Amino acid sequence: MLEAISENIIGIMCTLVMTSAVGVITHLFKQFRGLSQAVMAINHDRLYQACTFFILTSEITIDELKNLEYLYEGYHALGGNGTGTELYEKCKDLPIVEKRTKWHESYQRSC
């Protein structure tokens, strides 16, 4: 009789532990998915802003292009494409200058 009770208690405890583990894993997965979406949104926004600036000024430096490439790689690795890819491709085709000479009036010159 004690043996049957102890076997049931162990089974119940194992079930509770597994149920809790599944709940924690589900919660962590939802947080990870939300974090990935947030990073994608921030990366897309930054990529969009940078590309818009470079396209408006019709030039890009090597350093700006390298920075843009890092942004795009992260964006693309998270599954981003579409608008970000189109803008990035346009920027790759811009004339490369040694030093920035043009600024667009909607952007403040910070240097």
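Okay, quick one before we start: when I say two residues meet, I'm talking about contact, meaning heavy atoms within 4.5 Å. And keep in mind that this is a predicted model.

So, let's look at two helices, H2 and H3. H2 covers residues 62–77, and H3 covers residues 83–92. Who meets whom? On the H2 side we've got Leu 65, Leu 68, Glu 69, Tyr 72 and Tyr 75, and on the H3 side Gly 84, Thr 85, Tyr 88, Cys 91 and Lys 92. Sort the residues of that contact and you get 6 nonpolar, 2 polar and 2 charged.

Now the geometry. The two helices pack at an angle of about 160 degrees, and their axes are 11 Å apart. Anything over 145 counts as roughly antiparallel, so that's what H2 and H3 are to each other. H2 passes H3 in a left-handed crossing.

Let's zoom in on Leu 68, which sits in helix H2. Is Leu 68 buried or exposed? Buried: its relative accessible area is 1%, and under 20% counts as buried. Leaving out residues up to four places away in sequence, Leu 68 touches Leu 47, Ala 50, Cys 51, Phe 54, Ile 60, Tyr 88 and Cys 91. Take Ala 50: it's 18 residues from Leu 68 in sequence, but the C-alphas are 7.5 Å apart in space.

How many disulfides do we count? The count is 0. Cys 91 is in no disulfide, and the nearest cysteine sulfur, on Cys 51, is 3.6 Å away, while the cut-off is 2.5 Å. Cys 91 is buried, at 0% relative accessibility, whereas Cys 14 is partly exposed, at 45%.

Methods: Residues numbered from 1 in each chain as written. Predicted model: local features only at pLDDT ≥ 70, side-chain atom pairs only at ≥ 80, totals over all residues. Heavy atoms only, no water. Axes fitted to C-alpha atoms, helices over the stretch in contact; angles between N-to-C directions. Helix = DSSP H or I, 4+ residues; strand = E, 2+ residues; numbered from the N terminus. Parallel < 35°, antiparallel > 145°, perpendicular 65-115°, else oblique. Left-handed = near helix turned anticlockwise from the far one by under 90°. Nonpolar A, V, L, I, M, F, W, Y, C, P; charged D, E, K, R; others polar. Buried < 20%, exposed > 50% of the residue type's maximum accessible area, 1.4 Å probe, protein only.
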